[in-house]
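Here is a short tour of one protein model for you to follow along with.

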Amino acid sequence: MPQITWLGHSTFSLTLASGEVIVVDPFIDGNPSFPSGYEFSRVDTILVTHGHGDHLSGVPGLAGQFAPRVVANYEICNWLAAHGVANTVPMNFGGTTAVGGVTVTMTPALHSSAIEQPDGRNVYGGNPGGYIVRLEDGRAVYFAGDTDVFGDMALIRELHAPDLAVLPIGDVYTMSPRGAAVAARLLQPKIIIPAHYGTFPPLTGTPAELQALVEVPVWVLTPGQPVTW
């Protein structure tokens, strides 16, 4: 059975039954909720939702160590390629591509996207997004990325029927638990995993607040401890 591991903030590792490892939005250095002592032993694919450092900054290091496929929008893939990252897989909203043992579809998100440079300048990072990851057994995981709730999540349900939804709940930079509850009503997943909360003081939303508003289980993961799904 696949395993999913929360690595703090919005970073996740999805290990397939084959052993293949998919990492979403790697934020390692500077991530106060990244589990102490955790080390990657394998990375086959990286999915990047948008260009902010708390979702992109870990890509170059993992790419240099493991040479994985790196899936992102066209603009981020161009930026990564210009900075020495090989095996980029550019795509955009609505597109689906096979990566190893899964298919990946990029979905919209309501957020912003820019890549901050060492001198403080921002480079355009294309449109922010999310991903539907369709497993070999037919089940689907929706990684929403950083977003507010939006009505077209009903279309994501109609097109992809995600069984598991990973939703941001921290508020301020993404939707709050109340917004995530509305997202859950539109998406109708069987399970919700909350993300992007508690990492920094402004991110005040909690899983308990979300669970009080929804009937489906809200899995509260411990960073670094995998759960079988």
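## Charges, fold and one threonine

The protein carries 9 positive and 19 negative side chains, and 8 Å separates the centres of the two sets. Please keep in mind that this is a predicted model.

Now for the fold. Six helices and 15 strands make up the secondary structure of the protein. Its radius of gyration is 16 Å, close to the 17 Å that the globule rule gives for 229 residues, so the protein is as compact as a globular protein of that length. Along the principal axes, the C-alpha atoms fill a box of roughly 45 × 40 × 35 Å. Among contacts with a separation of 6 or more, 59% are between residues 24 or more positions apart.

A few whole-protein values are handy to have side by side:

| Property of the protein | Value |
|---|---|
| Residues that count as buried | 55% of 229 residues |
| Accessible surface | about 9,700 Å² |
| Share of that surface from carbon and sulfur atoms | 52% |

Let's zoom in on one residue. Where does Thr199 lie? Look in the loop between strand 14 (191-195) and helix 6 (207-211). Is Thr199 buried or exposed? Its relative accessibility is 9%, and because buried means under 20%, Thr199 counts as buried.

Which residues does Thr199 touch, leaving aside those up to four places away in sequence? They are His9, Asn31, Pro32 and Ser33. With His9 there is also a polar contact between side chains, at 2.7 Å.

Definitions and conventions: Residues numbered from 1 in each chain as written. Predicted model: local features only at pLDDT ≥ 70, side-chain atom pairs only at ≥ 80, totals over all residues. Heavy atoms only, no water. Helix = DSSP H or I, 4+ residues; strand = E, 2+ residues; numbered from the N terminus. Rg over C-alpha atoms; globule rule 2.2 N^0.38 Å. Buried < 20%, exposed > 50% of the residue type's maximum accessible area, 1.4 Å probe, protein only. Contact = heavy atoms within 4.5 Å. Areas by Shrake-Rupley, 256 points an atom, 1.4 Å probe, with all protein chains shown as cover. Lys, Arg positive; Asp, Glu negative; His and termini not counted. Charge placed at Lys NZ, Arg CZ, Asp CG, Glu CD. Polar contact = N/O pair within 3.5 Å; in protein donor to acceptor, adjacent residues only side chain to side chain.
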